[in-house]
Amino acid sequence: MELFNLNPLKLWRSHIPAKLKKARLQAFVDAIMFPFQQLYNEFVGYFQAKSYYLNHNSQVIKLEAALNDRYDFANREITINTAPYTDHIYISTVPEDRPVYLDNPATIFIPTEAEIGFGEFDFIINIPATVSFNEGELRSLVDAYKLPGKTYTLNIT
């Protein structure tokens, strides 16, 4: 990480004059700087975790990459597909109360929302059976990245 390339112990050791570089003073400076070194290491870890989170979003390729990084790093077989959607004929809704005229006298069946599958889910996450995962953890990871209002289902193949 080039942006925060800093080592507090080396920094302090380099600023001590040569006349004062003795073992006791070095140990004293190390003891004083140890908490700063720990804070720096925690900051670097936090920065890397947040950078990873910000580099991934709800795009399919990025969400697949995040899932494969977490659960299937070697094979990368977790995929995301769009849910099937059936086109339907829209005539009018009941509140519109308009007459319906059809040119074709053949019987047309108008499917309901349940028959179309509208509103069930927007995408499918395909996970191989060889991948071990905790469903709650996986769902929380997907929920962190997906767009609000989008629904999904898990398909273990």
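In this predicted model, strands β2 (residues 123-127) and β3 (residues 152-156) pair in the parallel sense over 5 bridges. Pairing requires at least two bridges found by DSSP between two strands. Helices (H or I, at least four residues) and strands (E, at least two) are DSSP runs, numbered from the N terminus. The chain passes from β2 through helix α5 (residues 135-145) to β3, a right-handed β-α-β crossover. Right-handed here describes a path from the first strand over the helix to the second that runs clockwise, with the strands pointing away from the viewer. Ile-125 has Leu-154 of β3 as its bridge partner. Asn-126 stands opposite Asn-155 in β3.

Residues are numbered from 1 along each chain as its sequence is written. Local features need pLDDT of at least 70, side-chain atom pairs count only at pLDDT 80 or more, totals for chains, interfaces and linings use all residues, and side-chain values use heavy atoms, with hydrogens and water left out.

The open sheet has 3 strands in the order β1-β2-β3, with mixed pairing. Its edge strands are β1 (79-82) and β3, each pairing on one side only. The twist averages 25° from one strand to the next. Axes are lines fitted to C-alpha atoms, for helices over the stretch in contact, and angles run from 0 to 180 degrees between N-to-C directions. Helix α3 packs on the sheet and touches β1 and β2. Its direction makes about 145° with that of β1. Helix α5 also packs on the sheet, touching β2 and β3, and its direction makes about 135° with that of β3. Contact means heavy atoms within 4.5 Å.

The two helices also pack together. The axes of α3 (residues 60-71) and α5 lie 10 Å apart, at an angle of about 150°. The helices are therefore roughly antiparallel, a term for angles over 145 degrees. Contacting residues include Leu-63 and Tyr-71 of α3 and Leu-138 and Tyr-145 of α5.

Terms used: Angles under 35 degrees count as roughly parallel, over 145 as roughly antiparallel, 65 to 115 as roughly perpendicular and the rest as oblique.
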